[in-house]
Amino acid sequence: MTLVQIEDKLFLFAVFIYALSMVLYFLSYINKNEKIAKKAQVALRLSFLIHTAAIIVRGLAAARMPLSNQYEFATAFAWGVALFLIIFENKYKYYSMGSFVLPLLLIVIGYAALANKEIQPLMPALKSWWLLIHVSLAILAYGSFALATGTSIMFLIQNKKDGPDSRLPGKEDLDQITYRAVVLGFLFLSMTIITGALWAKKSWGRYWAWDPKETWSLVTWIIYTIYLHLRRSKGLADQKSAWFCILGFLAVLFTYVGVNTLLPSLHSYV
């Protein structure tokens, strides 16, 4: 069996276990059952380990960092979502987060499953350590934003007029979790834009060219800047700031999927 075949089987197995974990999280949320939630956690961590192994095997098969095309970035994006879910779940002990974050992960990894998995040689501009630095920062930014989107949806559910949902954390806790995730994501996104500009200067002789992906990364940065301004000015998130957080993640998805699909870009390979 070749490394490519091993990676494909590990990837598919990870997708299956992620889906199983999501179902278990849903069941634990619906039934308020902590035993099912613990099984969901085990499944999440198992799938994360298998997913990590798949990415490592992909790198060995390609003999390079596996971050250079749409499939590789999408699977790493989903890996980043799982990473932040595990980190925040460990810190805050709110198992219900999995019910709202894992569907986002499945959307991203589902896109990866549909993308072209063929291993191709790197373009000349990508043969740089900037690839690892720049793309890794983007993965961390997108993973934290996905976590914040899930908790923003939970916040909106808790903010309904017919009263709070006892199966979810309180609004204040959800606000804190969302805010901290966005701050992390905003820091990583800012560093992504800066390193991208430095890499562009080295590769193409200019820091910024208003390429569609550059432009939409800036739009995403501005949306999260508005969220942070609303959050700090009010001291507590409200529906408007929660919606801005969700809008920011939609901009993230468009930056990655929409630009690659609809707009000609120097970044169409990622």
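Isoleucine 193 is found in helix H6, where helices (H or I, at least four residues) and strands (E, at least two) are DSSP runs numbered from the N terminus. The model is a predicted one, in which local features need pLDDT of at least 70, side-chain atom pairs count only at pLDDT 80 or more, and totals for chains, interfaces and linings use all residues. Residues are numbered from 1 along each chain as its sequence is written, and side-chain values use heavy atoms, with hydrogens and water left out.

**Helix H6**

Leaving aside neighbours within four places in sequence, isoleucine 193 is in contact with Trp208, Ser217 and Trp221; contact means heavy atoms within 4.5 Å. Lysine 35 lies 158 residues from isoleucine 193 in sequence and 43 Å from it in space, C-alpha to C-alpha. Helix H6 covers residues 171-204 and also holds leucine 187. Leucine 187 counts as partly exposed because its relative accessibility is 46%. In these terms, buried means under 20% relative accessible area, exposed means over 50%, and partly exposed lies in between (1.4 Å probe, protein chains only). Between leucine 187 and alanine 209, which are 22 residues apart along the chain, the C-alpha separation is 22 Å.

**The chain as a whole**

The secondary structure comes to eight helices and zero strands. Read along the sequence, the pattern is α-α-α-α-α-α-α-α. Along its principal axes, the C-alpha trace spans about 55 × 50 × 30 Å.

Of the 270 residues, 52% are buried. Among contacts between residues at least 6 apart in sequence, 79% join residues at least 24 apart. The accessible surface comes to about 12600 Å², and 70% of it belongs to carbon and sulfur atoms. Accessible areas come from the Shrake-Rupley method with a 1.4 Å probe; for residues, only the protein chains shown count as cover.

There are 25 positive and 14 negative side chains, and the centres of the two sets lie 3 Å apart. Lys and Arg count as positive and Asp and Glu as negative, while His and the chain ends are not counted. The place of a charge is taken as NZ of Lys, CZ of Arg, CG of Asp or CD of Glu.

Serine 21 is placed in helix H1, which covers residues 3-31. With a relative accessible area of 0%, serine 21 is buried. Not counting residues up to four places away in sequence, serine 21 touches Ala40, Ala43, Leu44 and Leu102.

Helix H5 covers residues 129-158, and its 30 residues reach 44 Å from the first C-alpha to the last, close to the 44 Å expected at 1.5 Å a residue. That expected span is 1.5 Å times one less than the number of residues in the helix. H5 is largely enclosed by the rest of the structure, because 22 of its 30 residues are buried.

Glycine 150 has its place in H5 and counts as buried at 0% relative accessibility. Apart from neighbours within four places in sequence, glycine 150 is in contact with Phe100, Val101 and Leu104. Methionine 97 is 53 residues from glycine 150 in sequence, yet their C-alpha atoms are 6.9 Å apart in space.

**Loops between helices**

Alanine 63 is placed in the loop between helix H2 (34-62) and helix H3 (70-92), and it counts as exposed at 69% relative accessibility. Lysine 93 is found in the loop between H3 and helix H4 (97-114).

| Residue | Phi |
|---|---|
| Alanine 63, a residue other than glycine | near 60 degrees, a positive value |
| Lysine 93, a residue other than glycine | near 65 degrees, a positive value |

Alanine 115 has its place in the loop between H4 and H5. With a relative accessible area of 16%, alanine 115 is buried. The C-alpha atoms of alanine 115 and glutamate 89 are separated by 30 Å, and the two residues are 26 apart along the chain.
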